[in-house]
Amino acid sequence: MNVTWQQIVMYAVGALLIYLAIEKDFEPALLLPMGFGAILVNLPNSGAINQSLEGIGEVAGIVEWLFEVGIEASEALPLLLFIGVGAMIDFGPLLSQPKMFLFGAAAQFGIFFAMSVACLLGFDLRDAASIGIIGAADGPTSILVSQVLDSNYVGPIAVAAYSYMALVPIVQPMAIKLVTTKKDRAIKMAYKPAGVSKMTRILFPIIVTIIAGFIAPTSVALVGFLMFGNLIRECGVLGRLSETAQNSLANLITLLLGITISFSMRAEMFVKWETILIMVLGLVAFVFDTMAGALFAKFLNIFSKEKINPMVGAAGISAFPMSARVIQKMGLKEDPSNHLLMHAVGANVSGQIASVLAGGMILNLVPMLLK
């Protein structure tokens with residue numbers, strides 16, 4: 001059995017992902033199965049991809065079957081994961097401060113910037129749109145968009161999206177400091193939460209789904225499953241199902257999704273110069289999303305009496321709750337009495353909604369532009 005140098009590269013990539021998962025604790029639930037899967041599918045004549053059985057012929061291996069059924073044919077795995085994500089999210093901090101919706105929208109700028117740059121660099125529009133969505137820092141959305149658009153780079157896009165989600169504590173502070181001063185980062189914000197009734201919490205996911213359905217119909221699956229998970233959480237009569245969605249379902253789907261996406265990490269598909277370019281463009285999208293949120297907050301401060309700490313605007317990306325925690329830590333570093341967590345959480349959950357809406361908009365726009 002001959003092993004190519006490309007397969008050896010993939011063994012190294014797999015080992016690196018496993019190392020980051022175990023040693024650095026970077027998104028271990030996903031990076032570990034992705035890393036192991038990268039090794040699994042690149043073994044010579046890997047039975048995980050296909051198998052030749054006597055008297056039957058060639059049949060799909062388990063990883064290929066999972067990919068075909070769970071991602072390629074129905075996008076079931078990333079969508080089911082959204083139910084678990086929705087059940088984890090408390091929209092209370094957002095609903096008590098509706099202006100935080102603005103930061104979720106502003107922090108999607110990097111998606112469209114990176115998409116434009118990718119087009120200028122020669123990527124097909126489908127691939128460019130799929131690359132841009134990495135900036136949302138939302139792995140399931142990245143996988144779903146790239147798969148629906150039939151991108152040639154599903155594997156690299158998934159690796160980039162989840163890698164940058166894991167690197168939020170490293171990348172975001174650097175990006176924020178590029179566009180803020182120490183004085184900006186020390187701005188104090190008093191948290192005066194407005195009461196959020198149970199009825200509001202129940203109606204919110206339903207209303208968001210209906211609005212999304214009219215604005216961007218293709219986003220209904222993304223938004224709807226996210227909001228369905230949240231409705232399970234907030235309805236008050238499905239406690240056990242809510243706990244199951246948050247824990248058992250989310251963990252199982254994450255595990256399966258990680259090893260399934262490795263089907264797109266076969267050496268012949270992954271070891272290309274375009275992969276490095278995708279990683280760079282994904283980083284550009286992520287950094288510009290962060291900076292756009294912070295700069296938008298600074299813009300609002302020109303007209304606002306109650307100043308907003310620009311770091312809160314940077315939390316408008318979708319990496320929940322990591323980004324909010326990073327902002328809280330940075331705020332305390334500038335001033336030990338500055339507690340920004342609840343403001344950042346509000347912007348952060350807004351970013352979760354905005355990222356799936358952005359994914360839906362891209363799924364609507366790209367086919368129209370290709371006609």
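Guide: Start with one idea: the expected span of a helix is 1.5 Å times one less than its number of residues. Keep in mind that this is a predicted model.

Visitor: Is α4 enclosed, or is it open? How many of its residues are buried?

Guide: 10 of the 13 are buried, so α4 is largely enclosed by the rest of the structure.

Visitor: Which ones are they?

Guide: The buried residues of α4 are Leu77, Pro78, Leu79, Leu81, Phe82, Ile83, Gly84, Val85, Gly86 and Ala87.

Visitor: And what covers them?

Guide: The cover includes α3 (62-72), α9, α10, α14, α15 and α20 (341-370).

Visitor: Now α2. What does its span come to?

Guide: Helix α2 covers residues 28-40, which is 13 residues. Its first and last C-alpha atoms are 17 Å apart, close to the expected 18 Å.

Visitor: Which residues of α2 are buried?

Guide: Leu30, Leu31, Pro33, Met34, Gly35, Gly37 and Ala38.

Visitor: Let's go to the core. Which residues have the most contacts inside the largest nonpolar core?

Guide: Met34, Phe91, Phe123 and Tyr162. That core has 105 residues.

Visitor: What does Tyr162 touch?

Guide: Leaving out residues up to four places away in sequence, Tyr162 touches Glu27, Leu30, Leu31, Met34, Leu81, Gly139, Pro140, Ile143 and Leu257. Leu81 is in the buried list of α4.

Visitor: Switching to charges. How many salt bridges are there?

Guide: The count comes to 8 salt bridges. One of them joins Asp90 and Arg201, with the closest N and O atoms 2.7 Å apart.

Visitor: Where do Asp90 and Arg201 lie?

Guide: Asp90 is in the loop between α4 (76-88) and α5 (92-95), and Arg201 is in helix α13 (residues 198-215), so the pair ties together parts 111 residues apart in sequence.

Visitor: What about Arg201 and Glu234, how far apart are their closest N and O atoms?

Guide: They are 3.4 Å apart, in another salt bridge. Arg201 is in helix α13 and Glu234 in helix α14 (residues 220-234), so this pair ties together parts 33 residues apart in sequence. Shared partners join Asp90, Arg201, Arg233 and Glu234 into one network.

Visitor: Lys182 and Glu334 too, what links them?

Guide: A salt bridge, at 2.8 Å from N to O. Lys182 sits in helix α12 (residues 182-185) and Glu334 in helix α19 (residues 322-334), 152 residues apart. Lys182 is exposed at 55% relative accessibility, whereas Glu334 is buried at 18%.

Visitor: And disulfides, how many of those?

Guide: The count is 0 disulfides. As for the cysteines, Cys119 is partly exposed at 32%, and Cys235 is buried at 18%.

Visitor: Now Ser151. Where is Ser151 found?

Guide: Ser151 is in the loop between α9 (139-148) and α10. At 8% relative accessibility, Ser151 counts as buried.

Visitor: What does its side chain make a polar contact with?

Guide: The side chain of Asp127, at 2.8 Å. The Ser151 side chain also reaches the backbone nitrogen of Tyr153 at 3.1 Å.

Visitor: Last one, Phe320. What does Phe320 touch?

Guide: Beyond residues up to four places away in sequence, Phe320 touches Met88, Ile89, Val345, Asn348, Val349 and Gln352. Phe320 lies in the loop between α18 (310-314) and α19, and is partly exposed at 24%.

Definitions and conventions
Residues numbered from 1 in each chain as written. Predicted model: local features only at pLDDT ≥ 70, side-chain atom pairs only at ≥ 80, totals over all residues. Heavy atoms only, no water. Disulfide = S-S within 2.5 Å. Buried < 20%, exposed > 50% of the residue type's maximum accessible area, 1.4 Å probe, protein only. Helix = DSSP H or I, 4+ residues; strand = E, 2+ residues; numbered from the N terminus. Salt bridge = Lys/Arg side-chain N within 4 Å of Asp/Glu carboxyl O. Polar contact = N/O pair within 3.5 Å; in protein donor to acceptor, adjacent residues only side chain to side chain. Core = buried A, V, L, I, M, F, W, Y, C linked by side-chain atoms within 4.5 Å. Contact = heavy atoms within 4.5 Å.
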